[in-house]
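Here are some exercises to work through with the model open beside you. Try each task first, then follow the solution step by step.

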Amino acid sequence: MVKTLAALLAAAGLACAAAPASTPTPAVPHGVTAAGVAVGGLSAEPARAALEAAFARPLRVGGGGTLDPARLGLRVDAQSAVSAALGATAGSRIAVPVRWSKARLDRTVAALAKRIDRAPVRATVIGAIDDRPTYSPARAGVRLDRAATAAAIARALGDGTRAPVRLVTRPVAPPKPGLAIVVTRGENSLRLYDGKRLVRTFPVATGQVIYPTPAGIWRIMDKQRDPWWYPPTYDAWAKGLSPVPPGPGNPLGTRWMGLNAPGVGIHGTDEPTSIGYSASHGCIRMQVPDAEWLFDRVTVGTPVVIL
């Protein structure tokens, strides 16, 4: 019995000696970060959970908004990053493989642009002082740089620290004011300006005292080459007159630039001796070559200030 007990104890001792000790769970070396997220000292599962939680946080966007990474189709390969971190040396910085939907990112950037973009405002003619046009203030616009913003969001999607995304915008200069006409009835003159720069001055005929050329801010609304002249039915002076086809005797000359002032326009004339006087029935007469020169330069919408 003693021999048997001794044998059993010896066998048990051998069995204990052969059994391995419990294997410690491997941990990420200290100081290791993965895409900015500290995972040093963590075992595999906590490290993976920390990475997934960090990348699930919303992106902060300039202007106070946020973007949900899931809506951009973000996919994070946290397992590959953890495997790399476990085999890294202390203090290493590990990249985290991520993917997202380019189509969703493009739609997101387009939505941001719709909210941020602001068209520039052109200076417009609001009057004239000393025969020179005066303008409302111009205002620059703003345009989101879509390519740069998409790149910034893409960088942020791959960064677990979720640093704020700065939206990249560009100023948009307002267009130049363009051409403007100033007619001064007191001196029977027409001046063409390009912005504030005087281009050319012409002598004209303006309306008689009983048919004055209307003062105000108008625009060219109609342009015609070789126009017909039709007698205005609302004026007694034209009663009984017949339409005149294009030709040498046409009262409008060869060019007509109608204003949005009823019945009033800038045109040539078959009475060149009337230029320089208040002689018309409200229109602005020019020498035929002058009217043709002006016609070729102005457009529908050109402002006309009559003083």
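**Exercise 1. Find which residues of helix H6 (residues 288-295) are buried, and what they pack against.**

Solution. This is a predicted model, and we start with the helix itself.
- Step 1: The buried residues of H6 are Asp290, Ala291, Leu294 and Phe295.
- Step 2: Around the helix axis they cover an arc of only 135 degrees, which means that they sit on the same side of H6.
- Step 3: Residues three or four places apart in an α-helix point the same way, because there are 3.6 residues a turn.
- Step 4: Now look at what this side meets. The packing partners are strands S12 (179-184), S13 (189-194), S14 (197-203), S16 (216-225), S17 (255-259) and S18 (265-267).

**Exercise 2. Describe helix H4 (102-116): how far does it reach, and which residues are buried or exposed?**

Solution. 
- Step 1: From its first C-alpha to its last, H4 reaches 21 Å with 15 residues, close to the 21 Å expected at 1.5 Å a residue.
- Step 2: Buried in H4 are Leu105, Thr108, Val109, Leu112, Ala113 and Ile116. Their arc around the axis is only 140 degrees, so they lie on the same side of H4.
- Step 3: The buried residues of H4 pack against strand S4 (65-67), strand S10 (141-144), H5 and S11.

**Exercise 3. Locate the largest nonpolar core and pick out the residues with the most contacts inside it.**

Solution. 
- Step 1: The largest nonpolar core has 36 residues. Val32, Val39, Leu51, Phe55, Val96, Leu144 and Ile153 have the most contacts inside it.
- Step 2: Two or more residues each come from helix H2 (44-56), strand S3 (59-61), helix H3 (78-86), helix H4 (102-116) and helix H5 (146-157).
- Step 3: Take Leu51 as an example. Setting aside neighbours within four places in sequence, Leu51 is in contact with Ala34, Val37, Val39, Ala78, Ala81, Val82 and Val96.
- Step 4: Another core, of 21 residues, lies apart from the largest one, and its members include Phe202, Val264, Met286 and Ala291.

**Exercise 4. Work out which side chains Arg191 pairs with in salt bridges.**

Solution. 
- Step 1: Side chains of opposite charge can pair when their charged atoms come close. The whole structure holds eleven salt bridges.
- Step 2: One of them joins Asp131 and Arg191, at 3.6 Å from N to O. These partners are 60 residues apart, with Asp131 in the loop between strand S8 (125-129) and strand S9 (132-135), and Arg191 in strand S13.
- Step 3: Glu187 also forms a salt bridge with Arg191, where the closest N and O atoms are 2.7 Å apart.
- Step 4: Compare the surroundings. Asp131 is buried at 17% relative accessible area, and Arg191 is buried at 15%, while Glu187 is partly exposed at 40%.

**Exercise 5. Examine two residues with positive phi, Arg162 and Asp226: where are they found?**

Solution. 
- Step 1: Most residues other than glycine have a negative phi.
- Step 2: Arg162 has a phi near 55 degrees and lies in the loop between H5 and strand S11 (169-172). Arg162 is buried, at 3%.
- Step 3: Asp226 has a phi of about 45 degrees and belongs to the loop between S16 and S17. Asp226 is partly exposed, at 43%.
- Step 4: Asp226 also meets Arg255 in a salt bridge of 4.0 Å, N to O.

Methods. Residues numbered from 1 in each chain as written. Predicted model: local features only at pLDDT ≥ 70, side-chain atom pairs only at ≥ 80, totals over all residues. Heavy atoms only, no water. Buried < 20%, exposed > 50% of the residue type's maximum accessible area, 1.4 Å probe, protein only. Helix = DSSP H or I, 4+ residues; strand = E, 2+ residues; numbered from the N terminus. Arc of directions from axis to C-beta. Contact = heavy atoms within 4.5 Å. Core = buried A, V, L, I, M, F, W, Y, C linked by side-chain atoms within 4.5 Å. Expected span 1.5 Å × (residues − 1).
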